[in-house]
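Q: Could you take me through how the helices and strands of a model like this one are read, feature by feature?

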Amino acid sequence: MENQNLPNFLYDRIPKIQAMSMLVDCPNCRTTLNLPEGARSIRCSVCQTVTKIADTVVPSLRPSPFADVTGYAPSPSPYTNAPPYPYGVSPFPGLAAHVPSPYNNAPSSPSAVTAYPGLVPHMPSPSHLSYSPPSVYGRKKAVIVGVSYKNTSHELKGCLNDAKYMKYLLIKTFQFPESSIRMLTEEETESNRIPTARNIRTALSWLIEGCQPGDSLVFHFSGHGSRQRNLNGDELDGYDETLCPLDFETAGMIIDDEINATIVRPLPLGAKLHAIIDSCHSGTVLDLPFLCRMNSSGHYEWEDHRPTAPGIYKGSNGGEVISISGCDDDQTSADTSALSKITSTGAMTFCFIEAIEHGNASTYGSLLSSMRNTIRNASRGFGSANSVHDMLSSNRGFTQEPQLTSCEPFDVYAKPFSF
C-alpha cells in the first residue's frame, strides 16, 4: 500500500471528501474497501470484519480513485505504531530515523518515491495519487520459527533476531496482519509457541489449514539444519534434508518428506506459499521438483529433481510454491555479526531483507542474484570467527550460495517477487 502523504497545498481541501465515495482500509486485514456515500458501516469482503464509520472525517478514509484529486485526504502511515526493534536495532532505517540499522548503507532512491514505499519516507507527486489495488485478494498467514538452542553446545546467536526481523518485514512491508503470524521462539511465554518438534508440526498444519485460492502463506525457519540417509529412493543425492527443532536430540529432526507432505502437496490452485529457510543443507528442504541452478554471473538453468522412484509426487495441489534457502544441500549457512556490524543474524536472512530494502527484489532473479552477490562480496572478511548452523560438521568458512526451488520452472528475471 502506498504511503499517502500529500503536499501542503492540498490539506485545505480535505473537507470536500465528505461528499464523495470513500476508500477505507479494513482494520483487520488492511483490504481497501469502497464506502458508498452516506454509509455508516461496511463489511470487509475478505475477512468479514464490520467497520463502523464516524460522522466526521477521519484520517483513515481516502477518496475513491474516481473522485476529483482536490478531494484527496491523507491516510496516516501504517508504520507509526511499529513494534520495538530487537535489541534497539531496526532493519528498516526509513521507519525509525533515530535507530541504528544493520542495513544503513542502502543507496538513495533515484526519485522521491521508492520501489518499496513503506521503507523510507517520501512525498508522492500528483501522478502517484491514483489508487493501486492490493496484489493479493485472500488471506495472509505466516509461521516464523527462530531456534537459538540456548544454553546448549549448539547455541546460535542470530536466529531470534532473524525471526523478529522477518515478522517486522511481513507486517510493515507486505501487510500481513500480526494476528495471522504465528511466532515460535524460546522467548515466547506460551508453551505451544516454543519451537519444539511437536509445536513446529502443529504450526505448519495451522498454516495450511483452510487455505483457499488467493491466500498467501509464508514459512520462515532460522536454526540448525542437517541431512540423513534417504531410505525411499526419492532423493537424487541419496540424502533427506532436515530441520532441527529445539528438542531434536530427543524428538528427532523434521525431514523434507514430511514438510512437503504437510504444506506443499495440499496447497490448492490459486494459493501461493513461500518458504524462507536459513539453515544448513537447506537447498531442497521442501523437496520441490525443480531447482534454479544459478552461476556467479547470474545465468541459470532449471534442474529436474522429480523423484525417479515410481508413485512419488512432490508437487502441490495446483498452488504455487517457491522456496528460498540459505545454501545448497551440501553447504553450511552462517550465523554471524559480520554482515550487520551491529548484531548477529543469519547471513541468508540478512541478505534477503537487505535485497528487499535496497530495491533489488523486483523479480525472483534479481532477489537471488543480489543475495548471492552480497555473500560473495563479503566472504573475504569472515574467516574463523564465523559460526555456522550445522552442528554436525566443522566450520568450512563462508561459502554458502542461496538457492531457489519451485513446483514449476519459470523465468526468474520476468516473474515479480512478492509475498
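This is a predicted model: local features need pLDDT of at least 70, side-chain atom pairs count only at pLDDT 80 or more; totals for chains, interfaces and linings use all residues.

Q: Which residues in α1 and α5 meet, and what is the contact like by class?

A: From α1 come Asp162, Tyr165, Met166 and Leu169, which meet Thr349, Phe352, Ile353 and Ile356 of α5. By class, this contact of α1 with α5 has six nonpolar residues, one polar and one charged. As for handedness, the crossing of α1 and α5 is left-handed.

Q: Is Glu354 buried or exposed?

A: Glu354, which belongs to helix α5 (residues 347-357), has a relative accessible area of 14%, and since buried means under 20%, Glu354 is buried. Between the C-alpha atoms of Glu354 and Ser340, which are 14 residues apart along the chain, the separation is 9.9 Å.

Q: How should I read the sheet, and which strands stand at the edges?

A: In general, strands of a sheet pair through backbone hydrogen bonds, in either a parallel or an antiparallel manner. Here three strands, in the order β9-β10-β11, form an open sheet with antiparallel pairing. The edges are taken by β9 (225-229) and β11 (254-255), and because each has a single partner strand, one side of each is left without a neighbour in the sheet.

Q: How many bridges join β9 to β10?

A: Five bridges join β9 to the antiparallel strand β10 (residues 239-243); as one example of a bridge partner in β10, Gln228 has Asp240.

Key: Residues are numbered from 1 along each chain as its sequence is written. Side-chain values use heavy atoms; hydrogens and water are left out. Two strands pair if DSSP finds at least two bridges between them. Helices (H or I, at least four residues) and strands (E, at least two) are DSSP runs, numbered from the N terminus. Buried means under 20% relative accessible area, exposed over 50%, partly exposed in between (1.4 Å probe, protein chains only). A crossing is left-handed if the near helix is turned anticlockwise from the far one by less than a right angle, and right-handed if clockwise. Contact means heavy atoms within 4.5 Å. Ala, Val, Leu, Ile, Met, Phe, Trp, Tyr, Cys and Pro count as nonpolar, Asp, Glu, Lys and Arg as charged, and the others, Gly among them, as polar.
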